[in-house]
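Student: I'd like to go through this model with you and find out what stands behind each term. Could you set the values against the definitions as we go?

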Amino acid sequence: MLRQNVRELDAVLLTHSHKDHIAGLDDVRAFNFKQERNMPIYASEDTITALKREFYYAFSDVYYPGIPRLEVHAIRAGESFWIKDISVMPVQVMHHKMPVLGFRIADFTYITDAKTVDKENKKLIEGTNTLVVNCLQEDPHLSHFTLEEALDFINQIKPEKAYLTHISHRLGLHKNIQKRLPEGVEVASDGLVINI
Ligand SMILES: [Zn+2]
Ligand SMILES: [Zn+2]
């Protein structure tokens with residue numbers, strides 16, 4: 001946030017409760033102080049249950065000064081919601097047996113930690129022009145798309161531009177992988193900015 005000079009944050013969308021996706025939540029404190037308001041958090045009921053366990057101090061009845069101040073909203077796949085004037089559609093993908101939310105905003109879709117996506121949810125992201133999708137490694141994995149599966153998924157959705165994210169060191173060097181990708185598919189990198 002400091003490096004990218006992010007001065008304002010309207011809301012946080014959570015995909016699921018795994019630590020690599022929620023551990024940074026305390027850092028909304030800086031925005032609490034600067035913006036002088038609670039931070040809206042959008043997540044599934046399952047994720048909210050986990051947040052109450054992992055960040056119990058943010059949900060305590062006794063207010064402790066300096067805790068992250070959260071305003072939690074429960075959301076469900078297939079039921080769109082608004083953040084200011086932006087409509088967001090949550091999409092469900094499966095992370096082995098765990099449901100995870102992806103998000104569609106206009107013709108942009110962000111999906112991570114997917115292994116399978118059913119027909120109904122693929123329908124929700126039809127017409128996506130910019131797709132961000134997880135791609136862990138080339139070797140088979142129980143709960144994440146491999147490179148082959150990610151490229152196959154991109155091929156089904158047919159966006160103009162796709163970015164691979166949630167990449168393991170086992171995928172190899174950025175420049176080596178990039179050379180092997182079809183046109184319109186890029187390895188995402190830190191600091192990438194996408195205008196929607
Ligand atoms: Zn995960
Ligand atoms: Zn993950």
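This is a predicted model: local features need pLDDT of at least 70, side-chain atom pairs count only at pLDDT 80 or more; totals for chains, interfaces and linings use all residues.

Student: What makes a stretch a helix or a strand?

Tutor: Both are DSSP runs numbered from the N terminus: a helix is H or I over at least four residues, a strand is E over at least two. By that rule the protein has six helices and 10 strands.

Student: Which other residues have a positive phi, although they are not glycine?

Tutor: Lys84, with phi near 55 degrees, and His96, with phi near 60 degrees. Lys84 sits in the loop between strands S4 and S5, and His96 in the loop between S5 and S6.

Student: Why does His96 count as exposed?

Tutor: We count the other C-beta atoms, placed from the backbone, within 10 Å of its own: 20 or more is buried, 12 or fewer is exposed, and anything in between is partly exposed. His96 has 12 such neighbours, so it counts as exposed. Lys84 has 7, so it is exposed too.

Student: And why is Arg104 buried?

Tutor: Arg104 has 22 other C-beta atoms within 10 Å, so it is buried. Its place is in strand S6. Leaving out residues up to four places away in sequence, Arg104 touches Met89, Val91, Thr109, Leu124, Ile125 and Thr128. Here a contact means that two C-beta atoms, placed from the backbone, lie within 7 Å.

Student: How do you know that the buried residues of H5 are on the same side?

Tutor: The buried residues of H5 are Ala150, Phe153 and Ile154. They cover an arc of only 100 degrees around the axis, so they are on the same side of H5; the arc is taken from the directions between the helix axis and the C-beta atoms. An α-helix has 3.6 residues a turn, so residues three or four places apart point the same way. On the other side of H5, the exposed residues are Glu148, Asp152, Asn155 and Gln156. The cover over the buried residues of H5 includes S8, S9 and S10.

Student: What is the largest nonpolar core?

Tutor: A nonpolar core is a set of buried Ala, Val, Leu, Ile, Met, Phe, Trp, Tyr and Cys residues joined through C-beta atoms within 7 Å. The largest one here has 24 residues, and those with the most contacts inside it are Val133, Cys135, Phe145, Ala150, Ile154 and Leu164. Elements that each supply at least two residues of this core include S5, S8, H5 and S9. A second, separate core has 10 residues, among them Met39 and Ile75.

Student: Why is S8 called largely enclosed?

Tutor: Four of the five residues of S8 are buried, so the rest of the structure largely encloses it.

Student: How many bridges join S8 to S7, and how many to S9?

Tutor: Four bridges join S7 to S8, running parallel, and five join S8 to S9, also parallel. Ile111 stands opposite Val133 in S8, and Asn134 stands opposite Thr165 in S9.

Student: What makes S8, H5 and S9 a right-handed unit?

Tutor: With the strands pointing away from the viewer, a crossover is right-handed if the path from the first strand over the helix to the second runs clockwise. S8, H5 and S9 make such a right-handed β-α-β unit, and S7, H4 and S8 make another.

Conventions: Residues are numbered from 1 along each chain as its sequence is written. Chains are lettered from A and ligands numbered from 1 in the order in which they are written. Two strands pair if DSSP finds at least two bridges between them.
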